[in-house]
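Here is a short briefing for a reader who is meeting this structure for the first time.

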Amino acid sequence: MIEAIAGAAKRKRAVVVMLGGHVVKTGLAPLLIELMKRGVVTHLAMNGSAAIHDYEVARFGATSEDVARGLVDGTFGMADETGRGMNDAFVTGMKQEWGMGESLARALKDSELSNPELSVLLAAYDLGIPCSVHAALGAEIIHQHPSTNGAAIGDTSHRDFRRLAASLANLHDGGVVLNLGSAVIMPEVFLKALTIARNLNGGKPTNFVTCDLDMQRHYRPRVNVVQRPTQFSGKGYEITGHHEIMVPLLTWGVVEALDV
């Protein structure tokens, strides 16, 4: 995988990185930001939980709670600041015709932040790298908030879905797709976005590399990321291990390969 990613970067092919929430929650954002700064990552896509963790770390400096305890009395996910801030960003984004990722980045830009240097949303925005957020209505804590606007969520996230589909064309002949820790949402979104890209580009992109990296194996990443997209060309990999170990090893392997 290190060779594939470094090769894609050197040949100016797409390197699309898809994130699940745990990757951000465990503090791995600086590694992803390093790859963005080095021009390796060409599109950053994430599910809603990854965006929530990133937003909370940037604004408040922490992003964790006791789910079991909060579920007992109905307080789980009920932080007003997170729900209000993010939902307000989506409404503004819908009015301005921004995607969800851009809406959140712009909102963070206008906020007092605890750790702006740890935000992948902000880093992508500042570096001009497409950053898309793919929401699943009802699956995220911010959808519990009274200010939630389903139309705004759908509008901004669907715009990001189209942006992801547009980015996939440059995977052709040597690009890389990394799925880091998303068991359901990103594998499903990727398969549909890839269908659009191939529909609009005469069956391309083909001959690219995919990799699912997670601490355990799941059906959708294996089938929708590793197997189906590379069935007739390219190569798919599965790497199993804790994110806190595997993502640093992968990142610094790529950095070393690029510096040779």
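The radius of gyration is taken over C-alpha atoms, and the globule rule is 2.2 Å times the number of residues to the power 0.38. With 260 residues, a compact globule would have a radius of gyration near 18 Å, and the protein agrees with this because its own value is 18 Å. This is a predicted model, in which local features need pLDDT of at least 70, side-chain atom pairs count only at pLDDT 80 or more, and totals for chains, interfaces and linings use all residues. Residues are numbered from 1 along each chain as its sequence is written, and side-chain values use heavy atoms, with hydrogens and water left out.

**Overall form**
- Along its principal axes, the C-alpha trace of the protein spans about 50 × 35 × 35 Å.
- Buried residues (under 20% relative accessible area, with a 1.4 Å probe and protein chains only) make up 50% of the 260 residues.
- Of the contacts (heavy atoms within 4.5 Å) with a separation of 6 or more, 80% are between residues 24 or more positions apart.

**Helix 10**
- The secondary structure comes to twelve helices and six strands, where helices (H or I, at least four residues) and strands (E, at least two) are DSSP runs numbered from the N terminus.
- The buried residues of helix 10 include Met 186, Phe 190 and Leu 194.
- The buried residues of helix 10 pack against several elements, among them strand 1 (15-19), helix 9 (150-167) and helix 11 (219-227).
- Just after helix 10, Gly 202 takes a positive phi of about 60°.
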